[in-house]
Amino acid sequence: MALNIPEIADLINVRVLLVDWLKKQGWDVWDGEEETFWHQGVGFRHRYKTAKDTAMSINTAKSTLPRSGVWWHSHIPGQAETRYDGIVNQYACLPCYKPDHLLGVKEHNGIAFLNDMVGDGSFSLNVIPYRRVMDTYAHRVLRSAA
């Protein structure tokens, strides 16, 4: 979880306050930079890092991660799988949010759904671009609010 509010960075650590508050409310909180959250055989992180401390690409993940993994520190989505001796590992790097006007040519942002998770590390992926969400639903919300 990353919160970056430069105006108050020297005064208060918003991230720590939020995490403390969530824990007091009974939530389990994972640090996606340092910890992996495991669910039905798939490891979730904000990002997986390479030895050079850069965000891991989908091709690097295929040869590095021992189990299925999903991470979000990417604006270029990717999906891959490996099969070895009857074991299937799936990998997906998904888009973080970035406003459309700041997206590069190959970058993407949107909403991702993992479907058909059955506990063995397999899943299907459905990514919906934010532009489609906004084009499809924003006009309905704006019209109903008027």
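Reply: A polar contact is a pair of N or O atoms within 3.5 Å; within protein, one must be able to donate a hydrogen and the other to accept it, and residues adjacent in sequence count only if both atoms are side-chain atoms. The side chains of Thr-36 and Arg-45 make such a contact, at 3.0 Å. This is a predicted model, in which local features need pLDDT of at least 70 and side-chain atom pairs count only at pLDDT 80 or more, while totals for chains, interfaces and linings use all residues. Residues are numbered from 1 along each chain as its sequence is written, and side-chain values use heavy atoms, with hydrogens and water left out.

Thr-36 lies in the loop between helix 1 (14-24) and strand 1 (37-39); helices (H or I, at least four residues) and strands (E, at least two) are DSSP runs, numbered from the N terminus. Leaving aside neighbours within four places in sequence, Thr-36 is in contact (heavy atoms within 4.5 Å) with Trp-30, Gly-43, Phe-44, Arg-45 and Tyr-48.

Two of these partners lead further. Phe-44 is buried, at 15% relative accessible area; buried means under 20%, exposed over 50% and partly exposed in between (1.4 Å probe, protein chains only). Phe-37 is partly exposed, at 31%. The structure holds one aromatic pair: the ring centres of Phe-37 and Phe-44 are 6.3 Å apart and the planes are at 40°, so the pair is tilted. Rings of Phe, Tyr and Trp (its six-membered ring) pair if their centres lie within 6.5 Å, and planes under 30 degrees apart count as stacked, over 60 as edge-to-face and the rest as tilted.
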